[in-house]
Amino acid sequence: MHNHWRLLASETLAVTEHLALDRSLLERRRRGGANSLRIYRYATPAVALGVHQIMEQEVRWDYCQARRIAVARRMTGGGALYLDDRQLHWSLIAPRAALPQGDFQSGIAWAAQVAIDALKTLGVDAVFRPRNDIEVNGKKLGGINGVVVADTVLLQGSILFNVDVHSMLWALKVPMEKLTPEGLDAARDRVVGLVDLLSAAPDYSLVQAALAASFASALGVEFSPQALTPDEQSAWAAQCVADAHPDWVQRMRTPEGLRILQSVIKRHGGVVRANIAVDMQQSCVTGVTIAGDFDVQPSDAMQRLARQLSGVAFPFIKRSVETFFEQNEIDFCGLTAEDFMLVLRMALEKIEYTRMGLDLDDANAVYPVNVPEGRTLGEVVSEATVMLLPYCAKLPACKFRFTQGCSECGMCTIGDAYRLARERGMEAVTIIRFEHLQATLTRMKETGVKSYIGACCEEFFVKRQQAFLNAGIPGVLLDIDGKTCYQMREEDQAYAGTFTALADLKQGLVSKVLAQIPVKIEMTAENKCAS
């Protein structure tokens with residue numbers, strides 16, 4: 001009967017086997033195969049990359065190799081996930097028409113609610129938090145990812161029974177990693193398992209039954225336990241081989257080329273990175289990678305755009321991107337066409353930075369914020385009247401470490417920056433903590449600051465980009481070297497303004513950028529002493 005769907009027997013398998021089974025069942029369903037629900041666990045620890053992610057940027061590879069943590073790639077979007085046998089997972093392969101109509105996010109929200117309804121029967125009061133998390137009292141209990149291919153949808157979900165926070169943070173290379181004892185405690189406060197919520201952890205089979213019943217009710221179907229057909233077994237085996245191949249696992253690579261231009265933005269829909277290889281002699285693009293933890297449907301849309309841009313001359317890039325979006329119907333899942341156009345434009349504009357005396361390595365260490373299209377970086381820099389500097393670049397023992405000012409003693413790179421700013425009549429502000437940054441940006445906006453120059457690490461820029469965007473002031477942020485709080489895994493201390501290691505400004509880059517601003521005082525021995 002039409003309302004009888006298949007419930008596949010739960011199996012505990014390796015990560016590639018599970019992900020390959022989902023892919024093969026999705027393809028079979030597209031060609032007239034069965035609608036299926038699978039509820040299962042992973043046999044061994046693993047990391048599953050989102051379909052758009054670059055492995056080197058998301059995974060601590062040495063740690064995973066040493067502990068035999070497999071790294072695989074799923075066909076759904078979102079961020080990298082740490083998987084083990086302490087979690088229960090489910091996959092639904094169904095016609096798109098069986099789900100609520102609307103954009104892709106509505107399907108994610110529907111699937112989350114089905115899982116939430118199942119949890120309520122167990123005594124767990126959970127809620128959905130967009131983009132794709134299931135939470136209890138602000139702590140993550142599970143998540144949802146998915147993909148739509150033609151008329152078929154694959155939804156993948158998880159429910160945590162227990163959480164191995166230590167392994168998760170070590171395996172995943174993320175800005176929020178907390179590997180000190182205090183950091184592990186902080187990370188544990190952000191996730192929760194059923195063992196923490198119930199007086200006695202339910203048996204896996206009980207949760208499986210609750211999920212199956214909830215999906216049956218939501219879909220208006222009955223599930224019948226069945227096994228794979230011989231043809232499905234064969235297709236699955238072939239997909240396992242394909243999914244284990246490096247061409248799939250490492251499919252998102254930085255393009256090869258003599259010159260690589262890079263940019264990154266963060267929006268509600270995720271982080272988007274553009275890596276563009278260019279041939280400067282021919283003035284054309286030779287390769288593009290658009291990567292990140294975002295979701296778009298169709299899921300291959302950005303890969304098709306990247307292929308379309310290869311070989312396009314610089315003057316025609318913008319129109320080529322616009323034409324692609326005009327000719328393709330894309331669900332951006334919390335992002336917009338303008339976001340992707342922006343990240344590509346930001347990367348390509350770095351060619352123009354050479355007019356400021358920057359090489360492309362320098363250019364990739366520059367993060368523009370709120371620079372209107374049509375304005376050059378040099379124009380924004382020339383109007384800068386404030387310089388924002390990180391306290392972590394001051395000597396740990398310096399009396400100015402956690403306050404304003406600098407003696408310009410020459411013992412750290414901050415002194416040069418203060419001097420260069422002072423020579424140009426700029427206000428130099430040492431940013432002590434995140435709240436201080438927010439207050440400073442607000443004050444700058446209220447006092448009519450036209451633009452500013454700042455310095456921070458890329459991790460901070462990505463994580464706190466919204467604060468800079470909200471200020472609405474054009475700015476130019478410069479990357480830093482040395483021991484950042486993210487490299488030292490001491491972000492909590494940095495947030496509180498108590499980080500004690502020493503970072504370094506890129507002195508050459510700072511000098512080249514500030515050289516665009518005229519010196520306003522003559523630096524003689526007398527007036528330097530007087531200052």
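Author: What follows is a quick tour, from overall size down to single residues. Keep in mind that this is a predicted model.

Reader: Fine. How many helices and strands in the protein chain?
Author: The secondary structure comes to 22 helices and 22 strands.

Reader: What radius of gyration does it have, against what a compact globule would give?
Author: The protein chain has 26 Å. A compact globule of 531 residues would be near 24 Å, so the two agree.

Reader: And the box along the principal axes?
Author: The C-alpha atoms fill roughly 90 × 55 × 45 Å.

Reader: What share of the residues is buried?
Author: Buried residues make up 53% of the 531.

Reader: What about contacts between residues 24 or more positions apart?
Author: Such pairs account for 71% of the contacts with a separation of 6 or more.

Reader: How many bridges between β13 and β14?
Author: Nine, in the antiparallel sense; β14 covers residues 270–279. Across that pairing, Gln 262 stands opposite Asn 275 in β14.

Reader: Pick a residue in β14. Is Ala 277 buried or exposed?
Author: Ala 277, which is found in β14, counts as buried because its relative accessibility is 0%.

Reader: What does Ala 277 touch beyond four places in sequence?
Author: Its contacts include Pro 255, Gly 257, Arg 259 and Ile 260. Cys 284, Val 285 and Thr 286 are also among them.

Reader: How far is Ala 277 from Leu 477?
Author: Their C-alpha atoms are separated by 23 Å, and the two are 200 residues apart along the chain.

Reader: Now the largest nonpolar core. Which residues have the most contacts inside it?
Author: Met 302, Phe 325, Phe 340, Leu 344 and Ile 453, in a core of 68 residues. Helix α13 gives the most to this core, with seven residues.

Reader: Which residues does the second, separate core include?
Author: Among its 44 residues are Phe 104, Val 114, Ala 118 and Leu 198.

Reader: Cysteines next. How many disulfides?
Author: The count comes to zero. Take Cys 409: its sulfur is 5.9 Å from the closest cysteine sulfur, in Cys 412.

Reader: Cys 409 and Cys 240: buried or exposed?
Author: Cys 409 is partly exposed, with a relative accessible area of 49%. Cys 240 is buried, at 17%.

Reader: Last one. Where does Ser 167 sit?
Author: In helix α5, residues 165–171. Ser 167 is buried, with a relative accessible area of 12%. Leaving aside neighbours within four places in sequence, Ser 167 is in contact with Tyr 63 and Tyr 82.

Definitions and conventions:
Residues numbered from 1 in each chain as written. Predicted model: local features only at pLDDT ≥ 70, side-chain atom pairs only at ≥ 80, totals over all residues. Heavy atoms only, no water. Helix = DSSP H or I, 4+ residues; strand = E, 2+ residues; numbered from the N terminus. Buried < 20%, exposed > 50% of the residue type's maximum accessible area, 1.4 Å probe, protein only. Contact = heavy atoms within 4.5 Å. Pairing = 2+ DSSP bridges. Core = buried A, V, L, I, M, F, W, Y, C linked by side-chain atoms within 4.5 Å. Disulfide = S-S within 2.5 Å. Rg over C-alpha atoms; globule rule 2.2 N^0.38 Å.
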